[in-house]
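Please keep the structure open as you read.

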Amino acid sequence: MKSNPAIQAAIDLTAGAAGGTACVLTGQPFDTMKVKMQTFPDLYRGLTDCCLKTYSQVGFRGFYKGTSPALIANIAENSVLFMCYGFCQQVVRRAVGLDRQAKLSDLQNAAAGSFASAFAALVLCPTELVKCRLQTMYEMETSGKIARSQNTVWSVVKTILRKDGPLGFYHGLSSTLLREVPGYFFFFGGYELSRSFFASGRSKDELGPVPLMLSGGIGGICLWLAVYPVDCIKSRIQVLSMSGKQAGFIGTFLGVVKNEGTCQDSLSK
């Protein structure tokens, strides 16, 4: 039975929004620790040290700084990503000369996911910028890089608009694209290959929720293993640009390599 494209897009949008919400509610504290350690590697010896210091400095709420922009970011990213994924699959079918209903190979699905992530990056970058700045506001203030201010979403938004205008929300766009496009190639590649493995010759559409969850987890591991260094650069650009003009992707990358030897956070120490 031929599915209605509008209905399928609505289903993909809803599924992406639900997935984004679940991701933030479960992963926000870990994301906060990641951004802090990426941006200020000299302040924290590791994950445990970062957790203890964050709790002693700002309390439990410190783990959930930037939750509202993170929620918007993940819902927007996942919604756009999965809505565009179906469209990009059709583009890949046309490019390789397949029928509209033909099944794509795992590699072709990975290419479609990579293409779709470019659209998602455009809605992700502004909200991630606000999120990262809120997550590291304490460190920026105590180090004297910025003056103390109200640490709210609205105060960060107003500061960006006042200093840089609307384009200021796209600090770190190039690094976001460099993370998302190859990252989602690996995500959808790992996801589709895992689904094929669990299907064992059956249709992948017959898989239950557990194999699908495991496939999504494997896809996420593939994504982060491939693009974590780029994410480190993105965090530094988006946070450190609060205190003035920050070097772009190449300049920040070379600075990390020169001063630290490799792009890493305290988790790898």
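## Terms and model

Buried means under 20% relative accessible area, exposed over 50%, and partly exposed in between, using a 1.4 Å probe on protein chains only. Helices are DSSP runs of H or I with at least four residues, strands are runs of E with at least two, and both are numbered from the N terminus.

The model is predicted: local features need pLDDT of at least 70, side-chain atom pairs count only at pLDDT 80 or more, and totals for chains, interfaces and linings use all residues. Residues are numbered from 1 along each chain as its sequence is written, and side-chain values use heavy atoms, leaving out hydrogens and water.

## Helix α4

Helix α4 covers residues 106–135 and is mostly covered, with 22 of its 30 residues buried. Its end C-alpha atoms span only 37 Å, whereas a straight helix of 30 residues would span 44 Å (expected span: 1.5 Å times one less than the number of residues).

A kink of about 40° lies at Leu-124, shortly before the proline Pro-126. The bend is the angle between axes fitted to the seven residues ending at a residue and the seven starting there.

## Lys-131

Lys-131 is found in α4 and is buried, at 3% relative accessible area. Beyond its neighbours within four places in sequence, Lys-131 is in contact (heavy atoms within 4.5 Å) with Asp-31, Val-35, Gly-66, Pro-69 and Ala-70. Val-35 is 96 residues from Lys-131 in sequence, yet their C-alpha atoms are 9.7 Å apart.

## Cysteines

With a disulfide taken as a pair of cysteine sulfur atoms within 2.5 Å, the count is zero. For Cys-50, the nearest cysteine sulfur, that of Cys-51, is 6.0 Å away. Cys-50 is buried, at 0% relative accessibility.

Cys-132 is in no disulfide either, as the sulfur of Cys-125, the nearest, is 9.5 Å away. Cys-132 is also buried, at 1%.
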